[in-house]
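Have the sequence and the 3D view ready.

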Amino acid sequence: MINQITQITQLPDKELLLPGTRACSGCGLALAFRTALKALGENTILTIPASCSTVLQGMYPVASSAVPILNTAFETTAASASGLSAALKALGKSEDYAIVGWAGDGGTADIGIQALSGAAEREENFIYVCYDNEAYMNTGTQRSGATPAGALTTTTPFSGKKQNKKDMLKIMEAHNLPYIASCSPAYPADLYNKFLKAKSIRGTKYIHIFTPCPPGWGFPQNLTVKLGKLAVESGLFDLFEIEYGKKNYTGVTKNIYENKVARKPVADYIKIQSRFGKISDCQIKEIQDGIDLKFSGGKQ
């Protein structure tokens, strides 16, 4: 297992995400995809369902990715990754390539969860990535299981989603995977190091990327990194990894838990986004109270 710590100035120069993607301006997914490919390298095969990633990569002969990609049905990311892994094993090439299933939150928390859970239980050898922009962005910003309470979407347009966000990281932790990690494109070195480590471990690995989306969340496209950082700095989204059952916080989250830096108010994160335009001060307080409770270890 690789425990290499790479600084942002040390990331490889070689680009496997080529210029001219079809992603929206300020797309957090594009930043994450670019950094992840630097860690995964050229010997990578991706399988991607219907999603923003399909739009990002473009279509032959103008695809923007310099690695092979299988475009698959919405619900079959983990199933197709399992098939790719089995094919490489049959060819005696399972050590030569990294197999990566790369899906959005809708294709993971909702439509694809059955295939993912089955693959994890069978201990299939691939990395599963959920890039979480908290709605079905590619099809018009409909709410998903990962949409947070209070967020306006085209299917919750009046007062926002009523239900809380589904916690995919806890769900995958229950599968006893060898490696689970959370990361954000706002912290590229942290993201790079976690993909590098996942690549070196056999079995099913799960990486959850918090991915700000300017058009879906309603914020200026130049604030993508700021939003990503505020989510972590406020304690709303934690950076961590779980290696063979042992959880370690990383980056800013580690510093917050060790009282080296103070958390920022979650309102700083919420009030930049128009999707929370109808959220009340009482709801913001409830979110802040939940974060405070988490960092107090559950002690009121």
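## A strand covered on both faces

Strand β5 has cover on both of its faces: Tyr179, Ala181 and Cys183 are buried on one side, and Ile180 and Ser182 are buried on the other. Buried here means under 20% relative accessible area, with exposed being over 50% and partly exposed in between (1.4 Å probe, protein chains only). Because 5 of the 5 residues of β5 (residues 179-183) are buried, the strand is largely enclosed by the rest of the structure. Strands (E, at least two residues) and helices (H or I, at least four) are DSSP runs, numbered from the N terminus.

This is a predicted model, so to speak of local features takes pLDDT of at least 70, and side-chain atom pairs count only at pLDDT 80 or more, while totals for chains, interfaces and linings use all residues. Residues are numbered from 1 along each chain as its sequence is written, and side-chain values use heavy atoms, leaving out hydrogens and water.

## Who sits beside β5?

Over 5 bridges, β5 pairs in the parallel sense with β6 (residues 204-210); pairing takes at least two DSSP bridges between two strands. Alanine 181 has isoleucine 207 as its bridge partner in β6.

With β7 (residues 240-243), β5 pairs in the antiparallel sense, over 3 bridges. There, alanine 181 stands opposite glutamate 241.

The whole structure has 0 disulfides, a disulfide being a pair of cysteine sulfur atoms within 2.5 Å. For cysteine 27, the nearest cysteine sulfur belongs to cysteine 24, 6.3 Å away. Cysteine 27 is buried, at 15% relative accessible area.
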